[in-house]
Amino acid sequence: MPNPWGWTMGTGARLSPLCVPGTWTGETCVPSSRRPWWRSPALSCVWPSTPRSPPTSQVVWLPEPGHSHRFQVLSVATDGKVLLWQGVGAGQLQLTEGFALVMQQLPRSTKLKKHPRGETEVGATAVAFSSFDPRLFILGTEGGFPLKCSLAAREAALTRMPSSVPLRAPAQFTFSPHGGPIYSVSCSPFHRNLFLSAGTDGHVHLYSMLQAPPLTSLQLSLKYLFAVRWSPVRPLVFAAASGEGDVQLFDLQKSSQKPTVLIKQTQDESPVYCLEFNSQQTQLLAAGDAQGTVKVWQLSTEFTEQGPREAEDLDRLAAEVAT
């Protein structure tokens, strides 16, 4: 779809022909893939503030509580807003709930840089929801620290940012930071307390939600890491996309220091920006790069068949205490 301001990302729902892209001007659109690309989006909405809003960092589909085939849309942006949208009729999205990240309200779980007086918004850069609790989600931030957050939060956000709905403070726990902004987070589908984060410092951090420091930190690139994803079928496997043009597959059962497989996606080392495992056809992994190309890689059974005691090994890893 042509857009004069450019798209920042997109996501699709499993049981719907809809894809949700966000824009650099803060707009969230829901075009139907059944319609020709030159037509107007089937649904669209703008942030309930100024005509030119901060960029939308990520959008995700969420099943509507009590309705397995109906979805809500959650968007996060660099002004610290986390907004929940609901489709209402043809051509409209309605804002139903809102949250805001304010530095003064962040839990002091770890040592962060001293913040200035007065309200200071915390830019949100990435989001991932728990597979075990539909209300629990992890946010990546421009400050490099992940946040554990909840849709059930009721405390009012101490901000004067304009909004058509009351804004609440979602943060429950602050984790130790990366050396720069976080670009991607991913919650384990096999363990309720584990998640991964990746960012501009070239590191992947493995965190437990029960402690602030990461369980382990792996430097995978001398440049940025743009995406990280857990495997949907192997508890100890994840993939990362780097600014050096490669896709790295890790099997923590074999090594916690180096990738099991390194796939060269781009020959000129231009960045790989996104990747996703296919939860239905588990041998497939898709990755998109700066050349505008999406490549679908076929994985061997080494990455699709769970090994003996793998779940137990994951439990032992989660029980470790960071030193």
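Reply: K264 counts as partly exposed, at 32% relative accessibility (buried is under 20% relative accessible area, exposed over 50%, partly exposed in between; 1.4 Å probe, protein chains only). This is a predicted model, in which local features need pLDDT of at least 70 and side-chain atom pairs pLDDT 80 or more, while totals for chains, interfaces and linings use all residues. Residues are numbered from 1 along each chain as its sequence is written, and side-chain values use heavy atoms, without hydrogens and water.

The side chain of K264 meets that of E269 in a salt bridge, with N and O 4.0 Å apart (a side-chain nitrogen of Lys or Arg within 4 Å of a carboxyl oxygen of Asp or Glu). E269 belongs to the loop that runs between strand 21 and strand 22, the latter spanning residues 272–277 (strands are DSSP runs of E with at least two residues, helices of H or I with at least four, numbered from the N terminus). The backbone of E269 has a phi near 65°, a positive value in a residue other than glycine. Most residues other than glycine have a negative phi.

D246 is buried yet has no salt bridge. For D246, the nearest side chain of opposite charge is that of K264, 4.2 Å away (Lys and Arg count as positive, Asp and Glu as negative; His and the chain ends are not counted). The side chain of D246 does make polar contacts: one with the side chain of S242 at 2.8 Å, and another with the side chain of Q248 at 3.3 Å (N or O atoms within 3.5 Å, one able to donate a hydrogen and the other to accept it; residues adjacent in sequence count only if both atoms are side-chain atoms).

The structure as a whole holds 8 salt bridges. Among them is the pair of R234 and E310, whose closest N and O atoms are 2.7 Å apart. This pair links distant parts of the chain, 76 residues apart. R234 sits in the loop between strand 18 (225–230) and strand 19 (237–242), and E310 is in helix 1, residues 310–319. R234 is buried, with a relative accessible area of 2%, and E310 is buried at 1%.

A further salt bridge joins E302 to K254, with 2.2 Å between the closest N and O atoms. E302 lies in the loop between strand 24 (294–298) and helix 1, and K254 in the loop between strand 20 and strand 21 (261–264), so the pair ties together parts 48 residues apart in sequence. E302 is partly exposed, its relative accessible area being 31%, whereas K254 is exposed at 53%.

The loop between strand 24 and helix 1 also holds R309. R309 has a positive phi of about 60° although it is not a glycine. With a relative accessible area of 58%, R309 is exposed.

Returning to the pair described at the outset, K264 and E269 form a salt bridge at 4.0 Å. Elsewhere, salt bridges that share partners join R234, D251 and E310 into one network.
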